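Biologist: I have the sequence and the coordinates open. Can we walk through a few spots together?

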Amino acid sequence: MISIEIKPYLLNKKHVFRIAGGARTNTPVLLVKLKYDRFVGYGEASMPPLYGESIASAKSFIKTFDFSPFSSPLEIEAILKSLDQHATGNPAIKAAIDIALHDLIGKMMNMPLYEYFNLPKKELKTSKTIGIDSAEIIEKRVEEAANFHYLKIKLGGDNDAEIIKAVRNVSDKPLFIDANQGWTNKEEALDKIAWLKEENVIFIEQPMPKKAFSDMEWLVSRSTLPLIGDEGIQRLEEVKTASNFYHGINIKLMKSTGLHEAFAMANLAKSLNLKIMLGCMSETSCAIAAAAHLGAMADWIDLDGNLGVTNDPFQGHQVINGSIHLNDTNGIGLINPDWNKIETYV
């Protein structure tokens, strides 16, 4: 019999997190612990308010989901199908249960998850995200990220040129650009892409609003840089038509409902010649550790959500000089987690 425990948690950020759509200093999280026999699996739902989930909605979802029809976590396909049909939406809390199930299975099968997915173990060069801020603070934060191979820069406001100038004052590192749907005029977006290509930018993530389909079709056929769908690509179904609007997709466990569907999305994207970015929200080392096991499938890694927080309750894979080094701990890779020491946020 599978049993579940939950802990509401408030993940505090080291810096105010600003994007084109707003600013925040913390992220509500629901931590999940699944028990089966002598095995324990951990998962998490990270729920930035922008996406409509909350600790209350996640608790309600779990309260009404019944694990009793399933005798073992090894029935993962049936469990996840039932979970997805239980209620529409709720991708983050579904991801939390998916992650915990995979953690259990890895421990039961005595293997780390990259082996479970039949993927190689790779060193993952992650980007370090720099939020929208004043030029002075941006310069400081870029300097703090000196060990990282790539910087992810948030644009989409009215000071894009000022932000890039601040970055380039202190670093010539290659950049991932995330406009967070902030560009609303396709011709201006195309001009910005041409300018950013000269600034050693690798790709542009979600340049325009996710429902600006005709504008994105126009832009994707003209862009001199790869365009990556984030808000515009949530789940497997949307990958099927992604190449109409993007050159690649950003897969996040909190959007995809977890590892099971993220793996399917990556395989489908590869079959369609779409580039793959592996991303995250503000997350603990639990969800980051889980996502990292799919890293070998990605062209670009943006798994730094646990590096910008002050109260990460878990320890996972080591990050050394901007690279994630997968450990060989069975399951998702948490190191000696202590559930009882995690302070509950009410």
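What follows is a short exchange on this predicted model.

Biologist: How many Å separate the C-alpha atoms of M1 and I19?

Modeller: The two residues are 18 apart along the chain. Their C-alpha atoms are separated by 43 Å.

Biologist: Now strand 7. Are L175, F176, I177 and D178 buried or exposed?

Modeller: In a regular strand the side chains alternate between the two faces of the sheet. In strand 7 (residues 175–178), L175 and I177 lie on one side, F176 and D178 on the other. Both faces are covered, and these four residues are all buried.

Biologist: Which residue in strand 8 stands opposite I177?

Modeller: Take the strand 6 side too. Strand 6 (residues 150–154) runs parallel to strand 7, with four bridges, and there I153 has I177 as its bridge partner. Strand 7 also runs parallel to strand 8 (residues 201–205), again through four bridges. In strand 8, the residue opposite I177 is I204.

Biologist: Which helix makes a β-α-β unit with strand 7 and strand 8?

Modeller: Strand 6, helix 6 (residues 160–170) and strand 7 make a right-handed β-α-β unit. Strand 7 and strand 8 belong to a right-handed unit as well. The helix there is helix 7 (residues 186–197).

Biologist: On to S271. How many Å lie between S271 and D103, C-alpha to C-alpha?

Modeller: S271 sits in helix 11 (residues 259–271). With a relative accessible area of 53%, S271 is exposed. D103 is 168 residues away in sequence. In space, the C-alpha distance is 27 Å.

Biologist: Last, the open sheet with order 4-14-13. Which strands stand at the edges?

Modeller: The pairing in this three-stranded sheet is antiparallel. Each edge strand has a single partner strand, so one side of each is left without a neighbour in the sheet. The edges are strand 4 (124–125) and strand 13 (318–320).

Biologist: And which residue of strand 14 is the bridge partner of I320?

Modeller: Strand 13 and strand 14 (residues 323–325) run antiparallel, joined by three bridges. The partner of I320 in strand 14 is S323.

Definitions and conventions
Residues numbered from 1 in each chain as written. Predicted model: local features only at pLDDT ≥ 70, side-chain atom pairs only at ≥ 80, totals over all residues. Heavy atoms only, no water. Buried < 20%, exposed > 50% of the residue type's maximum accessible area, 1.4 Å probe, protein only. Helix = DSSP H or I, 4+ residues; strand = E, 2+ residues; numbered from the N terminus. Pairing = 2+ DSSP bridges. Right-handed = clockwise from strand over helix to strand, strands pointing away.
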